[in-house]
Amino acid sequence: YMVDKKNDAVAHGKELLKKTDAEIDKLQAQADEASGDAKVAYEEEIDNLKEKRATAAKKLDALGDASADSWDDAKEGFTEAYKALYDAYKEALANFK
């Protein structure tokens, strides 16, 4: 049961990151069309998103490697990292408008 639960959680996490990657790519396309100060601001937002995405990916790897004893901590770690990524994405999206 634990292995199935872990595999499902990791697969779900990978799907979330894949969707986020697509959204970051859309923002990058907008940034590429911008110029001047707007372009600099967009690039900073995207760099921040990529940093948070990398952290979430590391936490997802840890989730995949988690034992029964470390499962809850690993799950919480990924959840918090993904929430930080999602919140940063929402903020970036608001700033891109």
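The model is predicted, so local features are reported at a pLDDT of at least 70 and side-chain atom pairs only at pLDDT 80 or more, while totals for chains, interfaces and linings use all residues. Residues are numbered from 1 along each chain as its sequence is written, and side-chain values rest on heavy atoms, without hydrogens or water. The mean pLDDT (the predictor's confidence in each residue, from 0 to 100) is 93 for the chain, and 99% of the residues reach 70 or more.

The chain contains 3 helices and 0 strands, where helices (H or I, at least four residues) and strands (E, at least two) are DSSP runs numbered from the N terminus. Read from the N terminus, the order of elements is α-α-α. Along the principal axes, the C-alpha atoms fill a box of roughly 55 × 20 × 15 Å. Of the contacts (heavy atoms within 4.5 Å) with a separation of 6 or more, 70% join residues 24 or more positions apart.

Helix 1 covers residues 2-33 and has the lowest mean pLDDT among the elements, 92. Its 32 residues should span 46 Å at 1.5 Å a residue, and its end C-alpha atoms are 47 Å apart, which agrees; the expected span is 1.5 Å times one less than the number of residues. Buried residues of helix 1 include Val10, Leu16, Leu17, Ile24 and Leu27, together with the polar Lys6, Thr20 and Gln28. Here buried means under 20% relative accessible area, exposed over 50%, and partly exposed in between (1.4 Å probe, protein chains only). The buried residues of helix 1 pack against helix 2 and helix 3. Asn7, also in helix 1, is partly exposed, with a relative accessible area of 44%. Asn7 lies 57 residues from Gly64 in sequence, yet their C-alpha atoms are 7.3 Å apart.

Helix 2 (residues 36-65) has the highest mean pLDDT of the elements, 95.

Over the whole chain, buried residues make up 32% of the 97 residues.
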